[in-house]
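Visitor: Hi! I'm new to this one, could you walk me through it?
Guide: Happy to, let's bring it up.
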Amino acid sequence: MAAIAIHSHTSTLVLLSLSLILFAGFFATRVTKLFRLPNVSGYIIAGMLIGPGMLHIIPEATIENLSFISDVALAFIAFDVGRFFKKEVICGSGTKVVVITIFEALVAGVAVSVAMRFMFSFSWDFSLLLGAIATATAPASTLMTINQYGAKGEFVNTLLQVVAFDDAVCLFAFTLATAFIGISGNEGKGLVNLLAPLFFNILALVLGFLSGLVLKRMITEKRSNENRLILVIAFLLAISGICVILNVSPLLSCMLFGAVYINLTEDRELYR
């Protein structure tokens, strides 16, 4: 009975916390709209205010129970970003996206690593990890702002591709950083630290690619909108769950899932 009571108490806290988070986000955007700021600014401010760092309205333990929502949300966002990776768009961008991504990401990583080492006197190991993390960008806020203002055009296509490729650069940089730390720490596992994450991320990419092929076969003209959405959500949840098991981010896998599907079908309605 005690276990049931604890479980019921935890579930209640999670449900109430979700409600408070949504209300806080809603009311915060009422304020940011007055200043003509993007909605995402209101969401960030609301999260800071009600989180454990300031007002403690949402306790830290409850946030840990809500961590799965981040994986699910990231999967949906990544799938949506995938629709911008159409063959003609990528061919039109040429090499500029690759050049922009490499310089934008690596310059940020190097700057953060050097700053952490010489300005804050952190160890090189910790500084390299922070620098590797700094190479990534958040696709959620970018996509949310673009959708809010209905922005379109070559700049938007380039921006979204750079944001997406950033995470691939971050993955590679973080893998190299952890491998270097393993070698410098005489753990004797440097090669394992380098190859294992790469292998699992490649496996996740294969999963996303195959999911796009299978979804294309399963979604026919006879499918209702409800069944089409059910299939997509089922695939995204499955990919997210498998990526959690592999201890990798579902971002790249779901992004490739969305890219493969849009290139095979031209089915823009599904993304709407």
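This is a predicted model: local features need pLDDT of at least 70, side-chain atom pairs count only at pLDDT 80 or more; totals for chains, interfaces and linings use all residues.

Visitor: Let's start with α11 and α12. At what angle do they pack?
Guide: Helix α11, residues 225-246, packs against helix α12, residues 251-265, at an angle of about 150 degrees. Their axes are 9 Å apart.

Visitor: And what does that angle make them, roughly parallel or roughly antiparallel?
Guide: Roughly antiparallel, because angles over 145 degrees fall in that group. As for handedness, α11 passes α12 in a right-handed crossing.

Visitor: Which residues meet there?
Guide: From α11 there are Val232, Phe235, Leu236, Ile239 and Cys243, and they meet Ser253, Cys254 and Phe257 of α12. Sorted by class, this contact has 7 nonpolar residues, 1 polar and no charged ones.

Visitor: Which residues make the contact between α4 and α12?
Guide: On the α4 side they are Leu74, Ala75, Ala78, Phe79, Val81 and Gly82. On the α12 side they are Leu251, Cys254, Met255, Phe257, Gly258, Ala259 and Ile262. By class, that gives 11 nonpolar, 2 polar and no charged residues.

Visitor: While we're on α12, what about tyrosine 261, buried or exposed?
Guide: Tyrosine 261, found in α12, counts as buried because its relative accessibility is 2%, and the cut-off for buried is under 20%.

Visitor: What does tyrosine 261 touch, leaving out residues up to four places away in sequence?
Guide: Tyrosine 261 touches Gly212, Leu215, Lys216 and Ile219, along with Glu266, Asp267, Leu270 and Tyr271. Isoleucine 58, on the other hand, is 203 residues from tyrosine 261 along the chain, and their C-alpha atoms are separated by 38 Å.

Visitor: You mentioned Glu266. Where is glutamate 266?
Guide: Glutamate 266 sits in the loop between α12 and α13. Its phi is near 60 degrees, a positive value in a residue other than glycine.

Visitor: Why point that out?
Guide: Because most residues other than glycine have a negative phi. Glutamate 266 counts as partly exposed, at 43% relative accessibility.

Visitor: Where else is phi positive like that, say at serine 121?
Guide: Serine 121 has a phi near 60 degrees too, again a positive value in a residue other than glycine. Serine 121 lies in the loop between α6 and α7, and its relative accessible area of 59% makes it exposed.

Visitor: Okay, new topic: α6 and α7. How do those two pack?
Guide: Helix α6, residues 96-118, and α7 pack at an angle of about 150 degrees, with axes 7 Å apart. That makes α6 roughly antiparallel to α7. Their crossing is right-handed.

Visitor: Who's involved in the contact of α6 and α7?
Guide: α6 brings Ala108, Gly109, Val112, Ser113, Met116, Arg117 and Phe118. α7 brings Trp124, Ser127, Leu128, Leu130, Gly131 and Ala134. By class, there are 8 nonpolar, 4 polar and 1 charged residues in this contact.

Visitor: Which residues of α7 are buried?
Guide: In helix α7, residues 124-134, the buried ones are Ser127, Gly131 and Ala132. Seen down the axis of α7, they fall within an arc of 135 degrees, so they line one face of the helix.

Visitor: Why would spaced-out residues end up on one face?
Guide: An α-helix has 3.6 residues a turn, so residues three or four places apart point the same way.

Visitor: Nice. Back to α11 for a second, is serine 240 buried or exposed?
Guide: Serine 240, in α11, counts as buried, at 5% relative accessibility. Leaving aside neighbours within four places in sequence, serine 240 is in contact with Asp71, Ala75 and Pro250.

Visitor: Last one: what about threonine 32, where is it?
Guide: Threonine 32 lies in helix α1, residues 2-34. Threonine 32 counts as buried at 5% relative accessibility. Beyond its neighbours within four places in sequence, threonine 32 is in contact with Leu37, Pro38, Ser41 and Gly42.

Conventions:
Residues are numbered from 1 along each chain as its sequence is written. Side-chain values use heavy atoms; hydrogens and water are left out. Axes are lines fitted to C-alpha atoms, for helices over the stretch in contact, and angles run from 0 to 180 degrees between N-to-C directions. Helices (H or I, at least four residues) and strands (E, at least two) are DSSP runs, numbered from the N terminus. Angles under 35 degrees count as roughly parallel, over 145 as roughly antiparallel, 65 to 115 as roughly perpendicular and the rest as oblique. A crossing is left-handed if the near helix is turned anticlockwise from the far one by less than a right angle, and right-handed if clockwise. Contact means heavy atoms within 4.5 Å. Ala, Val, Leu, Ile, Met, Phe, Trp, Tyr, Cys and Pro count as nonpolar, Asp, Glu, Lys and Arg as charged, and the others, Gly among them, as polar. Buried means under 20% relative accessible area, exposed over 50%, partly exposed in between (1.4 Å probe, protein chains only). The arc is that of the directions from the helix axis to the C-beta atoms.
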